[in-house]
Amino acid sequence: MFRCSVVFCGRGAAKRFASSFSSESALPPNLLLPTNLVDPARLRRGPPPSDSPLPLLSRCDAVVPAHLRPLQTWVETLERPDAEPLGLTELHPDVFAVHPRLDILHQVETWQRNFKRVSHAHTKVRGEVRGGGKKPWNQKGSGRARHGSIRSPLWRGGGVANGPRGPTSYYYMLPMKVRVQGLKVALSSKMAQDYLYVVDSLDLPSPDPQYLLDLIKHKHWGESVLIVDVGDEFSENILQATANLKTVNIIPAVGLNVHSMLKHEALVLTLNTVRFLEEKLLWHDERFTSLYPFALPYSDLP
Amino acid sequence: MAACLNLALRGAFLSQGRNVPAVWIRFVCNHPPENMKTVISESTEEYKFVERLIPPSRVPTPPKHAGPAPSGWTPPADTPPPLPYMIRRSRMHNIPVYTDLTHGSRKTTLVRKVEGDIWALENDVKQYLKEVVGKELPTQVNEVTMTLKVKGHFD
């Protein structure tokens with residue numbers, strides 16, 4: 001309990017210490033804070049109550065199991081920084097409230113890092129090093145140690161005995177269902193930790209990156225934000241605003257992956273993205289195993 | 001015009017009493033009349049025969065059964081019973097209880113897809129199997145994967 005209270009007011013204590021130490025009120029730029037600090041400003045927004053007057057903007061398309069209730073979240077807008085939420089939306093529990101499988105998250109994250117890796121480290125073996133075919137001196141009589149070639153691993157300039165051999169590929173594929181479950185677990189974790197936000201559409205009033213940063217600061221979304229939208233076309237304003245920002249990034253919905261979700265603190269989805277993700281991820285729960293690759297046509301692919 | 005010429009030749013041959021070579025008859029029959037033009041047309045109405053052969057990718061919902069089906073399959077209840085745990089059906093709408101045989105003689109029964117209070121399920125299963133078998137069976141609860149293993153084969 002004592003440790004939690006220290007963590008809770010750590011940021012406030014640092015701020016007070018810094019302000020007494022120098023005349024600036026800002027934190028020093030090289031201050032490293034622990035990542036599990038709780039920001040009290042984020043706790044003020046709670047989940048929507050069941051009797052909220054705001055309209056339900058969209059329901060779940062897929063069938064929700066009888067023993068589960070759909071989750072509800074606020075739908076916000078990016079037009080004005082101090083706008084109230086526009087309404088509520090329902091989220092499917094089988095995508096946004098699955099059991100938190102940290103082992104699957106770890107598996108998918110390590111797979112994402114390693115399956116593209118090709119290490120080009122290569123050393124020459126004693127047979128590949130130039131020279132060394134002739135016995136340097138006679139076996140007996142010279143008084144020196146016996147050797148068969150001047151390029152054995154014992155010699156300076158000789159080959160490496162057990163070194164890295166050639167380009168090695170670390171490619172492997174996790175089963176499709178494991179990767180899909182990893183996405184669902186990541187989305188559920190973001191939802192459970194209050195880092196998931198739903199926005200009606202990505203229309204910014206200006207292409208100014210500072211506006212976006214101020215909006216995120218005002219709404220206390222987090223340090224880094226990943227914005228996800230469906231479709232090929234994005235509005236010019238949001239593209240220009242996020243182009244030169246390092247902590248705010250925008251990706252299409254087909255590019256959603258566990259590594260990006262873990263790298264960014266907050267995740268912002270549009271309503272269309274939520275429906276798209278639910279449709280695609282829930283199909284894997286009720287599909288047959290593939291007769292032929294799913295890239296070829298089936299009659300009812302999502 | 002060439003067809004008329006060939007017909008005249010054939011007629012000339014027949015009048016002379018010779019057998020017309022079969023080749024010539026075939027040549028005459030297969031030659032198309034020159035005043036017809038071949039038109040290539042595409043039609044997409046026949047594609048429906050291909051479309052109905054493409055298989056579905058989703059498992060269909062089973063037809064409504066009042067009570068158990070002839071194979072012994074029971075449909076899930078419309079309202080789940082008010083228990084602290086829930087066991088979902090598999091994607092083929094079956095009960096997710098699987099038997100396993102390792103090392104030639106080690107029998108285990110695995111209950112997958114558990115949601116909710118898994119320890120309550122473990123207590124209920126132990127109690128029920130004690131009445132069925134007569135002794136306490138060792139069970140293993142895996143909270144990470146939400147599965148329950150019981151020693152012995154129980155279908």
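**Entry 1: ground rules**

I number residues from 1 along each chain as its sequence is written, and chains are lettered from A in the order in which they are written. Because the model is predicted, local features need pLDDT of at least 70 and side-chain atom pairs count only at pLDDT 80 or more, while totals for chains, interfaces and linings use all residues; side-chain values use heavy atoms, with hydrogens and water left out.

**Entry 2: the two chains**

I looked up the secondary structure, where helices (H or I, at least four residues) and strands (E, at least two) are DSSP runs numbered from the N terminus. Chain A has nine helices and nine strands. For chain B I noted four helices and six strands, and from the N terminus on they follow the order α-α-α-β-β-β-β-α-β-β.

Next came burial: buried means under 20% relative accessible area, exposed over 50%, and partly exposed in between, with a 1.4 Å probe and protein chains only. In chain A, 35% of the 302 residues are buried; in chain B, 17% of the 155 residues are.

I also looked at contacts, meaning heavy atoms within 4.5 Å. Taking contacts with a separation of 6 or more, residues 24 or more positions apart account for 72% in chain A and for 48% in chain B.

**Entry 3: the sheet in chain A**

In which order do the seven strands of the open sheet stand? I read 1-3-2-6-9-7-8, with mixed pairing. Two strands pair if DSSP finds at least two bridges between them. Strand 1 (56-58) and strand 8 (248-252) of chain A are the edge strands, each pairing on one side only. Neighbouring strands are turned by 35° against each other on average, direction ignored. For such angles, axes are lines fitted to C-alpha atoms (for helices over the stretch in contact), and angles run from 0 to 180 degrees between N-to-C directions.

A reminder to myself: strands of a sheet pair through backbone hydrogen bonds, either parallel or antiparallel. Strand 7 (residues 225-229) and strand 9 (residues 266-270) of chain A run parallel, joined by four bridges. Within this pair, A:Leu226 stands opposite A:Leu267.

Helix 9 (residues 271-283) of chain A lies across several strands, including strand 2 (71-76) and strand 3 (87-91), and runs at about 90° to strand 9.

**Entry 4: a helix pair and A:Ala186**

The axes of helix 4 (residues 102-114) and helix 5 (residues 176-192) of chain A come within 9 Å and cross at roughly 115°. Among the residues that meet are A:Leu105 and A:Trp111 from helix 4, with A:Val185 and A:Ala186 from helix 5.

Is A:Ala186 buried or exposed? I found A:Ala186 buried, with a relative accessible area of 4%. Not counting residues up to four places away in sequence, A:Ala186 touches A:Leu105, A:Val258 and A:Met261.

**Entry 5: B:Ser57**

Where does B:Ser57 lie? I found B:Ser57 in the loop between helix 3 (47-51) and strand 1 (85-87) of chain B. B:Ser57 is buried, with a relative accessible area of 1%. Residues of chain A that B:Ser57 touches include A:Trp283, A:Phe288 and A:Tyr298.
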